[in-house]
Amino acid sequence: METVLKYGLYEWIDIFLRHLQLERGYSSNTVVSYGTDLRIFSEFIENRNISSWHQVSREHVEAFLQKMSSGLSKSTQSRRLSVLRSFFKFLKREGVVSRNPAKNVRFPKPDRALPKVLSIEELKRLFGVCGEILSGGDVDVESPETSNILALRDVAILECLYGTGIRASELTGLKLENLRLDAGYITVRGKGSKERIAPIGEYAIDALKKYLDQVRPKLLLKAGRKQVADSYVFLNNRGEPLSRQGLWKIIKGLVRKAGIKKRISPHTLRHTFATHMLEHGADLKSLQMLLGHASISSTQIYTHLVLAHLKEIHETYHPRP
């Protein structure tokens with residue numbers, strides 16, 4: 001009981017988050033996400049006059065999820081339940097609680113919405129926005145708004161995302177030491193700090209080499225050769241490591257210029273990579289390895305996309321659909 005009373009609600013959250021980062025090797029983004037979910041839950045139980053984690057019951061967890069259900073997707077609800085299960089499992093191990101109140105709470109049935117993907121025609125339009133830069137000569141870092149060099153960088157970003165299927169965080173975290181372009185692959189650090197090899201095609205290799213040779217050194221000069229920027233592959237227009245928010249803005253801008261009406265994010269290119277791979281004959285197990293999924297069940301959603309595509313073709317072209 002002394003251990004229970006030693007720390008308050010939020011102090012145990014901080015201890016848990018340090019455990020995730022230092023002992024479990026979770027990424028900073030994941031730790032931040034866990035912390036946000038746990039603080040939201042803390043506010044919920046504080047409003048019910050609960051001041052210690054050992055007072056939390058299964059009914060509290062269920063009431064929390066029920067309250068959240070009206071404004072959140074099923075996937076977000078499931079994530080929050082998963083966070084609570086992990087947190088209370090940690091607290092039980094530390095002797096703070098005697099049981100895990102989230103353990104036997106059922107996950108909500110998942111949403112059936114399928115991820116958006118780009119068609120080949122839409123991809124051509126997206127690449128065409130700045131693709132002509134690849135056939136040009138050297139670029140001028142002093143040009144207005146550095147538009148030329150940024151377009152060349154953006155081509156490399158598009159080719160890398162679609163050519164490898166890596167996550168947005170994996171692309172922004174990519175370092176020079178991860179590139180093995182002559183061997184035709186890159187190494188990426190995915191969820192849980194797990195490293196994997198991602199093959200990369202000729203289009204992406206060509207775009208990356210032009211960016212690395214003609215653009216990146218000039219962008220790096222803008223940062224005054226800050227040590228932190230030296231190792232990262234993709235830089236922003238200030239010569240600093242490209243953030244996930246910066247990447248999202250780049251993709252959003254290119255989509256707008258291409259006249260594509262779909263709501264597209266960097267992750268859409270990952271979905272598109274996976275769907276096109278299956279459509280052209282890749283097997284599910286190989287795709288799981290390429291995407292870095294821990295479970296093949298995460299990969300199976302793309303089979304639904306391919307089946308939906310085949311059904312559409314059948315209904316369009318069969319004389320008796």
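Reader: Why is asparagine 49 called exposed rather than buried?

Author: Set its value against the cut-offs: exposed means over 50% relative accessible area, buried means under 20%, and partly exposed is anything in between (1.4 Å probe, protein chains only). Asparagine 49 has 71% relative accessibility, so it counts as exposed. Before we go on, note that this is a predicted model: local features need pLDDT of at least 70, side-chain atom pairs count only at pLDDT 80 or more, and totals for chains, interfaces and linings use all residues. Residues are numbered from 1 along each chain as its sequence is written, and side-chain values use heavy atoms, with hydrogens and water left out.

Reader: Where does asparagine 49 sit, and what is its phi?

Author: Asparagine 49 belongs to the loop between α3 and α4. Helices (H or I, at least four residues) and strands (E, at least two) are DSSP runs, numbered from the N terminus. The phi of asparagine 49 is near 60 degrees, a positive value in a residue other than glycine. For background, most residues other than glycine have a negative phi.

Reader: Is isoleucine 50 buried or exposed, and how do you know?

Author: Isoleucine 50 has a relative accessible area of 7%, which means it is buried. Isoleucine 50 is also in the loop between α3 (28-46) and α4.

Reader: What does isoleucine 50 touch?

Author: A contact means heavy atoms within 4.5 Å. Leaving out residues up to four places away in sequence, isoleucine 50 touches Leu9, Ile45, Gln55, Val56 and His60. Take leucine 9: in sequence, isoleucine 50 is 41 residues from leucine 9, yet their C-alpha atoms are 9.3 Å apart in space.

Reader: What makes α4 and α5 roughly antiparallel?

Author: Two packed helices are described by the angle between their axes and the distance between the axes. The axes are lines fitted to C-alpha atoms, for helices over the stretch in contact, and angles run from 0 to 180 degrees between N-to-C directions. Helix α4 (residues 58-68) packs on helix α5 (residues 74-93) at about 155 degrees, with the axes 10 Å apart. That angle makes α4 roughly antiparallel to α5, because over 145 degrees counts as roughly antiparallel, under 35 as roughly parallel, 65 to 115 as roughly perpendicular and the rest as oblique.

Reader: Which residues make that contact?

Author: From α4 come Val61, Phe64, Leu65 and Met68, and from α5 come Gln77, Arg80, Leu81 and Leu84. Sorted by class, the residues of the contact of α4 with α5 are 6 nonpolar, 1 polar and 1 charged. Here Ala, Val, Leu, Ile, Met, Phe, Trp, Tyr, Cys and Pro count as nonpolar, Asp, Glu, Lys and Arg as charged, and the others, Gly among them, as polar.

Reader: Why are α2 and α5 called roughly perpendicular?

Author: Helix α2 (residues 9-23) and α5 meet at about 100 degrees, with axes 11 Å apart. That angle falls in the perpendicular range, so α2 and α5 are roughly perpendicular to each other. Trp12, Ile13, Ile15, Phe16 and His19 of α2 meet Ser86, Phe87, Phe90, Leu91 and Arg93 of α5. The contact of α2 with α5 has 7 nonpolar, 2 polar and 1 charged residues.

Reader: What makes leucine 291 buried?

Author: Leucine 291 has a relative accessible area of 0%, so it is buried. This residue lies in helix α13 (residues 284-291). Not counting residues up to four places away in sequence, leucine 291 touches Gly165, Arg167, Arg196, Arg270, Phe273, Ala274, Thr299 and Tyr302. Arginine 167 is 124 residues away along the chain, with 8.4 Å between the two C-alpha atoms.

Reader: Does glutamate 170 count as buried or exposed, and why?

Author: Glutamate 170 is at 4% relative accessibility, so it counts as buried. Glutamate 170 is placed in helix α8 (residues 168-172). Not counting residues up to four places away in sequence, glutamate 170 touches Val188, Arg189, Gly190, Lys191 and Arg196.

Reader: How confident is the predictor, as a mean pLDDT for the protein?

Author: pLDDT is the predictor's confidence in each residue, from 0 to 100. The protein's mean pLDDT is 84, and 83% of its residues reach 70 or more. Confidence is lowest in helix α1 (residues 2-6), with a mean of 49, and highest in strand β1 (residues 179-180), at 96.
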